[in-house]
Amino acid sequence: MVKIAESELIINSRGAIYHLDVRPEELANTVITVGDPNRVKEVSKHFDNIEYKCQHREFVTHTGTIGNKRLSVVSTGIGPDNIDIVVNELDALVNIDFESRTVKPELTRLNIIRLGTSGALQEDIPVDSIVVSTHGLGIDNLLNYYKHDNNDEEMQIIQQFVAHTQLNSNFSHPYISSAGSAVLKHFVSGFYHGITITCPGFYGPQGRVLRLGLTNPDLIDRLTEFTFGQHRITNFEMETSAIYGLGRLLGHQCLSLSTIVANRIKKEFSKDGNAAVANMIEKSLGIISGM
């Protein structure tokens with residue numbers, strides 16, 4: 001077996017992986033990710049008990065149980081670069097033997113569920129509603145650093161998306177990954193569903209203008225107008241495609257849920273985003289704890 005070098009898999013003095021500062025036994029096989037470190041406690045306050053708490057930089061982890069279900073909630077911070085760290089380190093915690101520094105012969109599949117916020121790109125999706133991402137379509141470039149492929153439908157979506165938006169001429173080539181079907185099937189009724197665009201930034205990459213002009217000022221219109229069969233783009237944010245892409249390559253089941261705090265078409269923003277996020281957390285935990 002190939003031994004992974006100390007420079008590639010960094011383990012700290014207490015036997016925890018470098019960025020998350022979590023040891024293998026401190027992680028559950030169902031992991032909820034949130035962007036905001038302060039949102040971790042808003043999830044874990046619903047746990048029946050908390051067995052482990054840790055914080056290192058923006059990465060906060062709480063592990064505990066709801067009934068017989070063991071769960072971890074981990075903050076990622078903002079953006080696909082942080083997702084690269086979090087998903088790779090979550091996988092390493094369950095699928096690499098830290099003593100021998102080798103990949104385990106039998107791999108563990110995680111359920112990774114993102115609870116985040118997002119902006120709607122369709123007029124009929126109201127603020128404070130919840131979108132479940134059937135696909136994550138990335139214009140952030142992260143997955144292009146990894147060997148990956150797509151099924152026929154995903155390839156067709158990307159081809160039509162590139163032709164429609166012309167993003168590949170000035171930007172990195174878009175990529176797409178689907179939600180994990182084993183998790184998605186639990187989140188059907190009571191949610192909006194669609195393709196989520198993942199951007200590498202909040203302002204220009206999402207079509208916002210403060211003092212800087214945009215190279216693609218029609219981006220939002222092109223995203224809103226895009227369809228492929230029954231699929232349409234519902235929202236955009238900064239993490240989903242990275243979670244879906246890396247998660248699928250590593251063999252995990254991933255799902256992204258987004259509270260809509262803004263509707264970019266109607267120019268509306270939630271009157272109480274915290275309450276809307278709290279509603280998403282409670283609704284999601286009710287489903288996750290029974291999975």
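Buried, as I use the word here, means under 20% relative accessible area, exposed means over 50%, and partly exposed lies in between (1.4 Å probe, protein chains only). Helices (H or I, at least four residues) and strands (E, at least two) are DSSP runs, numbered from the N terminus.

**Model and conventions**

I am working on a predicted model, in which local features need pLDDT of at least 70 and side-chain atom pairs count only at pLDDT 80 or more, while totals for chains, interfaces and linings use all residues. Residues are numbered from 1 along each chain as its sequence is written, and side-chain values use heavy atoms, with hydrogens and water left out.

**Entry 1: the whole chain**

I looked up the secondary structure and found seven helices and 14 strands. The radius of gyration is 19 Å, close to the 19 Å that the globule rule gives for 291 residues, so the protein is as compact as a globular protein of that length. That radius is taken over C-alpha atoms, and the rule is 2.2 Å times the number of residues to the power 0.38. I noted the span of the C-alpha trace along its principal axes as about 50 × 40 × 40 Å.

Of the 291 residues, 52% count as buried. For contacts (heavy atoms within 4.5 Å), I took those with a separation of 6 or more; residues 24 or more positions apart account for 77% of them.

The protein exposes about 13,400 Å², and carbon and sulfur atoms supply 49% of that area. Accessible areas come from the Shrake-Rupley method with a 1.4 Å probe; for residues, only the protein chains shown count as cover.

I also looked up the charges: the mean positions of the 26 positive and 33 negative ones are 3 Å apart. Lys and Arg count as positive and Asp and Glu as negative, with His and the chain ends not counted. The place of a charge is NZ of Lys, CZ of Arg, CG of Asp or CD of Glu.

**Entry 2: helix 6**

I went to helix 6, residues 240-250, and found it mostly covered, with eight of its eleven residues buried. The buried ones are Thr240, Ser241, Ala242, Ile243, Tyr244, Gly245, Leu246 and Gly247. Just after the helix, Gly251 takes a positive phi of about 90°.

**Entry 3: strand 13**

Next I checked strand 13, residues 253-263. Eleven of its eleven residues are buried, so the strand is largely enclosed by the rest of the structure. I then listed its partners, where two strands pair if DSSP finds at least two bridges between them.

- Strand 7 (residues 111-120) pairs with strand 13 in the parallel sense over ten bridges; Asn111 has Gln253 as its bridge partner, and Ala120 has Asn263.
- Strand 8 (residues 130-138) pairs with strand 13 in the antiparallel sense over three bridges, and Val131 is bridged to Ser258.
- Strand 14 (residues 268-269) runs antiparallel to strand 13, joined by two bridges, with Ala262 opposite Phe269.

Strands 13 and 14 form a hairpin with four residues between them, and Lys267 in the turn has a positive phi of about 60°.

**Entry 4: strand 7**

I followed strand 7 to its other partners. Nine of its ten residues are buried, so strand 7 too is largely enclosed by the rest of the structure. Strand 1 pairs with strand 7 in the parallel sense over four bridges, and Ile32 stands opposite Ile113 there. With strand 12 the pairing is antiparallel, over two bridges; Gly119 has Phe236 as its bridge partner.

I looked up Thr33, which lies in strand 1 (residues 30-34). Thr33 is buried at 4% relative accessibility. Beyond its neighbours within four places in sequence, Thr33 is in contact with Val74, Thr76, Ile112, Ile113, Arg114, Leu115 and Ile243. Ile243 is one of the buried residues of helix 6.

Gly77 sits in the loop between strand 4 (69-75) and helix 2 (80-95) and is buried, with a relative accessible area of 8%. With neighbours within four places set aside, Gly77 is in contact with Val34, Gly35, Glu58, Asn82 and Glu239. Its C-alpha atom and that of Phe59, 18 residues apart along the chain, are separated by 7.0 Å.

Is Gln230 buried or exposed? Gln230 counts as exposed, at 75% relative accessibility. Its place is in the loop between strand 11 (227-228) and strand 12 (231-237).
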